[in-house]
Amino acid sequence: MLDSTAIADALCTSGWWMARNVLEPGLCAVLQAELLHWQATGALKTAGIGRGDAHRQHMATRSDRIAWLDGSSAAQQQYLALMDALRVGLNRELMLGLFEFEAQFTHYPPGAFYRQHRDSFAGAASRVVNIVTYLNEHWPAEAGGELVVYAGEGGEEVQRVLPAAGTVVVFLSERIPHEVLPATRDRYSIAGWFRVNATTGARLDLME
Ligand code: OGA
Ligand code: MN
């Protein structure tokens, strides 16, 4: 269950929240099958970084491959409905004015990584809350590929999250630096963002 009250509390106190076995295994399996299909049909593209720079490829920073969810399947619609319920819940709890949700399927081939970054800089100023959902059914610790969450006073590491199916991580986009460590196997996730309306999110836009 994505408990918006518990998530809102955690966002207020530490800026991040994590739980295992939140998304149903059946839904994770169908989403992963879809991701594999998109991969097989060449729909995944090398990820870019930054506004106005979206197609430039920074292989030194990230080496994952992505495709935007478009709600074209029942599984995507089910996932997007869960996210919309959370969006409404977070708005009720925190009055964040979250306006929309966007998400991408993400594939990290073995050895791929995403160095420490925040998602609200350069091209993403309207992103307020990140939510990452993991899809790999079996993920032993020795496979690596952890999400590292940096959150303390001095931005020190506070958690390593194994990307196992059903695990969900939520955090404040502006506040929480994070990193994806290289894995020894293919790693599949959905990276999503709750956004404010860029035309009314003046404060956030000014922080770019
Ligand atoms: C991202 C990201 C984390 C993950 O796509 O911006 O940080 O664990 N993804 O896939
Ligand atoms: Mn990120």
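# Exercises on a predicted model

Glu-102 touches Trp-68, Arg-127, Ala-191, Gly-192, Trp-193 and Arg-195, leaving out residues up to four places away in sequence; contact means heavy atoms within 4.5 Å. This is a predicted model, where local features need pLDDT of at least 70, side-chain atom pairs count only at pLDDT 80 or more, and totals for chains, interfaces and linings use all residues. Residues are numbered from 1 along each chain as its sequence is written, ligands are numbered from 1 in the order in which they are written, and side-chain values use heavy atoms, without hydrogens and water.

## Exercise 1

Solution: 
- Step one: find the strand. Strands are DSSP runs (E, at least two residues), numbered from the N terminus.
- Step two: check the cover. Buried means under 20% relative accessible area, exposed over 50%, and partly exposed in between (1.4 Å probe, protein chains only).
- Step three: look for a partner.

## Exercise 2

Task: Describe what Val-161 touches, and how it is covered.

Solution: 
- Step one: locate the residue. Val-161 belongs to strand β8, residues 157–161.
- Step two: read its accessibility. Val-161 has a relative accessible area of 2%, so Val-161 is buried.
- Step three: list contacts. Beyond four places in sequence, Val-161 is in contact with several residues, including Met-18, Tyr-134, Leu-147 and Val-169.
- Step four: compare sequence with space. Val-161 and Val-148 are 13 residues apart in sequence and 6.5 Å apart in space, C-alpha to C-alpha.

## Exercise 3

Task: Which side chains hold an N or O atom 3.2 Å or 3.1 Å from an oxygen atom of ligand 1?

Solution: 
- Step one: take the 3.2 Å pair. That side chain is His-117.
- Step two: take the 3.1 Å pair. That side chain is Ser-189.
- One of its polar side-chain atoms lies 2.8 Å from an oxygen atom of ligand 1.
- Step four: find the strand. β11 gives the largest share of the shell around ligand 1, four residues.

Note on methods: Polar contact = N/O pair within 3.5 Å; in protein donor to acceptor, adjacent residues only side chain to side chain.
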